[in-house]
2 protein chains.
Amino acid sequence: MAVYTDISDEELAGLLADYDLGAAVGFKGVAEGIENSNFLLETEAGRYFLTVYEKRVAPEDLPFFLGLMQWLARRGFPCATPIADREGRLLKTLRGKPCALVSYLSGLSVRRPTAAHCREAGQSLAWLHLAGEGFAMRRENDLGQAAWAPLFSTLKDQAEALKPGLAATIDGDLEKLAAGWPKGLPEGVIHADYFPDNVFFQAQRFVAAFDFYFACTDSYAYDIAVALNAWCFEPGGDFNITAARQLVAGYETRRPLSDAERAALPILAHGAAMRFFLTRLHDWEATPAGALVRPKDPLEYERKLAVHRASPDLVLFGAPA
Amino acid sequence: MAVYTDISDEELAGLLADYDLGAAVGFKGVAEGIENSNFLLETEAGRYFLTVYEKRVAPEDLPFFLGLMQWLARRGFPCATPIADREGRLLKTLRGKPCALVSYLSGLSVRRPTAAHCREAGQSLAWLHLAGEGFAMRRENDLGQAAWAPLFSTLKDQAEALKPGLAATIDGDLEKLAAGWPKGLPEGVIHADYFPDNVFFQAQRFVAAFDFYFACTDSYAYDIAVALNAWCFEPGGDFNITAARQLVAGYETRRPLSDAERAALPILAHGAAMRFFLTRLHDWEATPAGALVRPKDPLEYERKLAVHRASPDLVLFGAPA
């Protein structure tokens, strides 16, 4: 969670003067989103979210993110839609920082997903992939496989501090991932951060997805691999095969996987665990003292890496019965 | 702001099962309130606030605070009202911590109050004082004048670190305040923390007050003195006499001051500045590293203390024209 940027009532009134949404009747910073400052804004016209983009989001990527959200919403996928001002602009500025107004979403994130939630997660992820087809912009995955070794080269001491011997283990993983990383899988727009806290449910059913600020162009199966790591581990660290089966089965109700995509899931899941391990290790060290953020524990993903290292078949549901 | 306590969807559902408010359809931690964790909760029945009381609020004081909010709301004063569960209980428990559901309030806090806002603030504070008459419970002001010298005895090094020589200056202030502190002024329930961030406006008019977690039994004029410090200083540190006149004039439209109350305002304002200086100095040092809180700068109140020390007449509006 984060509320970095403090907005005065005058600044808010100045922003709203560019829209046809009436005056503000409520404005609260919300403890949501790690990368940005988020505010729940109620005006005479309804409820909205105001997101102020902090430095982690590159301003040049914002047209991709906002354009994608608008594209998905117009194709019927339930996600926050950017609201244009009177001149049609989605991207605005507050205190010299880029910001956007987006539609309000109702719903609750689940903290401990059940297998039924995982099925909904898979189904909605396929829906997202299909809805993204035809979106004209492209954004490279700057946290993809090619980025991991260079990123880790700056984090070896931190890895050793976390667990002696870990740097060599990670180096071994990185070599294996580089050698075997699949090429040529079907690709398109992926969410790339499809975690339970970025999805809303109501009455156990998926109602909306949000936080598209890691979205990029990459293989669809990699997005499934991110989700398998995020949704299908028990709090104790065990991989829940039933949950994983439901996630993939839910996905395939809307978009069946090719043999190549299915066969790639183990290494993609190992790689996806690496991606989140590395950024959490980085954030663990780099979070400034004044930040209103609790960085996420890198050990959670260190344990997931160990599971994929030891039993890659698990993700293929090939574990002994 | 603070969101210390993390509530799972199961815990929230368990809490709501005790109420007739339907299921949760939205739940967000909000960046509001320094002492507690606050959540905006939307259920099938409407919008509410869930406050989880963290350790700074003494559990034995909660019946006073919640009872007072209920009393004020029933007497028509616009403030958050605690919502009783099916068995009539206002105070509940989540994760072993006391918590309460209160009604939702619309409105915006002002960051830079104008003289017109100050008039509304004064008027609403008198309304609060009148609405509190007859409330049967009593709570001593544990941050009142008698508490300051003992509190400062633990903070002398911090004061010196802030500004060399400050400890002796504060000791001098404390002696003067102890010697001249007024007795026998009209007293009753006071808010004791009537700052702009605890008051909502809509279209420049007062609409609600909240955050009663410092409320206590003390002199009404002391509450005005707290408000004069909180509302009537310019960001640059100057005391705005016009704003102060409006605050007191607004107050007197509903509750005229006695001569003794008016004469006491300078020393009460000096003391009120001391109270906030001391707690900010304490919090500046004591805020734990993991807290999602930016402590408020004690220097703001050190400067206000200096103003009252140098020109007590200012508060009486007796400055040379």
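Modeller: Happy to. In chain B, S2(B) and strand S3 (residues 46-53) pair in the antiparallel sense over eight bridges. Strands here are DSSP runs (E, at least two residues) and helices are runs of H or I with at least four residues, both numbered from the N terminus; two strands pair if DSSP finds at least two bridges between them. This is a predicted model, where local features need pLDDT of at least 70 and side-chain atom pairs count only at pLDDT 80 or more, while totals for chains, interfaces and linings use all residues. Residues are numbered from 1 along each chain as its sequence is written, and chains are lettered from A and ligands numbered from 1 in the order in which they are written.

Colleague: How many residues sit between S2(B) and S3(B) in the hairpin?

Modeller: Two residues lie between them. Across that pair, Ser37(B) stands opposite Val52(B) in S3(B).

Colleague: And what does S2(B) do with strand S1 of chain B?

Modeller: Strand S1 (residues 24-30) of chain B pairs with S2(B) in the antiparallel sense, over six bridges. Phe27(B) has Leu41(B) in S2(B) as its bridge partner.

Colleague: Is S2(B) mostly covered or mostly open?

Modeller: Mostly covered: seven of the eight residues of S2(B), residues 36-43, are buried. Buried means 20 or more other C-beta atoms within 10 Å of the residue's own, exposed means 12 or fewer, and partly exposed is in between, with C-beta atoms placed from the backbone.

Colleague: Switching to helices, what about H3(B)?

Modeller: H3(B) is mostly covered too, with 15 of its 18 residues buried. Just after H3(B), Gly134(B) takes a positive phi of about 90°.

Colleague: Now chain A. Which domains is it divided into?

Modeller: Domain 1 (9-103) and domain 2 (115-316), with bounds from an automatic or database domain assignment. The C-alpha centres of domain 1 and domain 2 of chain A lie 27 Å apart.

Colleague: How many residues of domain 1 of chain A are in contact with domain 2?

Modeller: In chain A, 18 residues of domain 1 are in contact with 17 residues of domain 2; contact means C-beta atoms, placed from the backbone, within 7 Å.

Colleague: How many helices and strands does chain A have?

Modeller: Chain A comes to 10 helices and nine strands. Its C-alpha atoms fill a box of roughly 60 × 45 × 35 Å along the principal axes, and 42% of the 321 residues of chain A count as buried.

Terms used: Two residues are in contact if their C-beta atoms, placed from the backbone, lie within 7 Å.
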